[in-house]
Amino acid sequence: MTTFKNMRLVAYKDEKFNSKVAEYVVMLNPESLKWGRSIEYNEEQPIDASAPSQKYNKTPGEKLSFDITIDCTGVVDSSRVDLPTEITNLSTVVYDYNGEIHRPNFVAVYWGKGLSFQGVLTTFDSSYTYFKPDGTALRAKVSLAFTSYINPSLRAQQDADESPDITHLVSVVEGDTLPQISKNILDSPDYYIQVARYNGLNKFRQITAGSQIVVPPLVPEGSAPESTSVSKGTIQ
């Protein structure tokens, strides 16, 4: 099996990264790269708490960024000495609009055995750093940034545990309220009375940290609600 020593940027026309369109092999591997991951929280300040609590909001897509040098002086690769062509080839893979799919390509970044990143381009900045006496550019530094991409069907599978259409068992933490739980699971605080009634709670606004609340799934409008479901519509 062929092993590529240099980083490869591979374009795909489908969101599952199966149909390869083209690829670009970098001339010089980047000296460093940054792979960023983050989690976003909403700060909520319960009335009886001395400090805000961090409520999970979402996990944004991962970010990958690096700089590559395209050197067309002939020193690196005597067969690649046309800088405009190199920039065009790179742009075709990662940046240009693909009329067949009505958007730029999906891009996978491969480097050795340790790096495989699937995403879409967000930044393409070129700095020309070396020229012939007549002004012809011979060398450029290209800064690239990507954000990860997961196709919607796979994302739906990964997010299934957050769906309002399945039953959830919620462990109550200090500062939680039924409207908050209803909003987090069912996308609206307005179902908290049904959730309280389902759990046999009389004091809707008082739940104990460490206890568990069962949040039944929502029933689509027009469907007959089951005994284990919260019906969408007017709160009774």
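## Salt bridges

A salt bridge here is a side-chain nitrogen of Lys or Arg within 4 Å of a carboxyl oxygen of Asp or Glu. The structure, a predicted model, holds seven of them.

E23 and R8 form one, with N and O 3.5 Å apart. E23 belongs to strand β2 and R8 to strand β1, so the pair ties together parts 15 residues apart in sequence. E23 also bridges to K20, where the closest N and O atoms are 2.6 Å apart. Another salt bridge joins R139 and D71 at 2.9 Å, N to O. This pair links distant parts of the chain: R139 sits in strand β11 (residues 137–148) and D71 in strand β6 (residues 63–71), 68 residues apart. Through shared partners, salt bridges join R8, K20 and E23 into one network.

## Exposure of the partners

Burial is judged by relative accessible area: buried is under 20%, exposed over 50%, and partly exposed in between (1.4 Å probe, protein chains only). R8 is buried at 17%. E23 is partly exposed at 27%. K20 is partly exposed at 49%. In the other pair, D71 is buried at 8%, and R139 is partly exposed at 25%.

## The sheet

Strands are DSSP runs (E, at least two residues), numbered from the N terminus. Two strands pair if DSSP finds at least two bridges between them. Seven strands form an open sheet, ordered β2-β1-β9-β10-β11-β6-β3, with antiparallel pairing. β2 (20–25) and β3 (33–36) stand at the edges with a single partner strand each, so one side of each lacks a neighbour in the sheet. Neighbouring strands are turned by 30 degrees against each other on average, direction ignored; axes are lines fitted to C-alpha atoms, and angles run from 0 to 180 degrees between N-to-C directions.

Five bridges join β1 (residues 8–12) to β2, and the two run antiparallel. V10 stands opposite E23 of β2.

## Confidence

pLDDT is the predictor's confidence in each residue, from 0 to 100. The chain averages 83, and 78% of the residues score at least 70. Two stretches stay under 50. Residues 222–228 have eight contacts (heavy atoms within 4.5 Å) beyond four places in sequence. Residues 232–236 have 13 such contacts.

## Basis

Residues are numbered from 1 along each chain as its sequence is written, and side-chain values use heavy atoms, leaving out hydrogens and water. Local features need pLDDT of at least 70 and side-chain atom pairs count only at pLDDT 80 or more, while totals for chains, interfaces and linings use all residues.

Conventions. Helix = DSSP H or I, 4+ residues; strand = E, 2+ residues; numbered from the N terminus.
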